[in-house]
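Subject: Structure for you to look at

Dear colleague,

Please find the structure below, followed by my notes on how its parts are arranged.

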Amino acid sequence: MTGKAAVQISYEDKGHKGRFVARITGNEAEGELAISKVSGVLVIADHTFVPDALRGTGAASALLEALIADARDKAYRIVPLCPFVRAQSLKHPEWADVIQH
């Protein structure tokens with residue numbers, strides 16, 4: 001077991017907007033992956049931000065994995081406007097079922 005703390009992901013719904021939030025116990029910093037809901041079946045991944053205090057923790061990947069899982073669970077597709085989401089989606093062809101290019 002490594003000494004790395006687990007990243008906890010939560011979701012905050014703000015109507016037509018929303019965000020997945022990454023936190024680590026004992027660290028006040030938080031990362032986010034912000035989305036815009038175009039419709040019930042289409043969401044735009046607007047941006048991903050992880051502060052320096054969370055870099056190297058896997059927070060950005062955990063945020064994106066939460067978005068992918070949510071899209072599969074709720075049957076919506078993701079438009080990867082965010083450069084990080086776009087770059088990762090190109091490296092993960094297995095996400096083609098939820099990524100709209």
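S2 (17–24) and S3 (27–39) run antiparallel and are joined by seven bridges, where a strand is a DSSP run of E with at least two residues, a helix is a run of H or I with at least four residues, and both are numbered from the N terminus. Two strands are said to pair if DSSP finds at least two bridges between them. This is a predicted model, in which local features need pLDDT of at least 70 and side-chain atom pairs count only at pLDDT 80 or more, while totals for chains, interfaces and linings use all residues. Residues are numbered from 1 along each chain as its sequence is written, and side-chain values use heavy atoms, with hydrogens and water left out.

Between S2 and S3 there are two residues, and the two strands form a hairpin in whose turn Gly26 has a positive phi of about 90°. Ile24 stands opposite Asn27 of S3, and Arg19 has Ala34 of S3 as its bridge partner. S3 also forms a hairpin with S4, again with two residues between the strands, and this pair is antiparallel over seven bridges, with Ile35 opposite Ala45 of S4.

These strands belong to an open sheet of five, in the order S1-S2-S3-S4-S5, with mixed pairing. Its edge strands, S1 (7–14) and S5 (77–79), each pair on one side only.

Helix H1 lies across S1, S2, S3, S4 and S5 and runs at about 135° to S2, an angle that is taken between N-to-C directions on a scale from 0 to 180 degrees, using axes fitted to C-alpha atoms, for helices over the stretch in contact.

Leu67 touches Phe20, Leu33, Ile35, Ala45, Tyr76 and Ile78, leaving aside residues up to four places away in sequence, where contact means heavy atoms within 4.5 Å.
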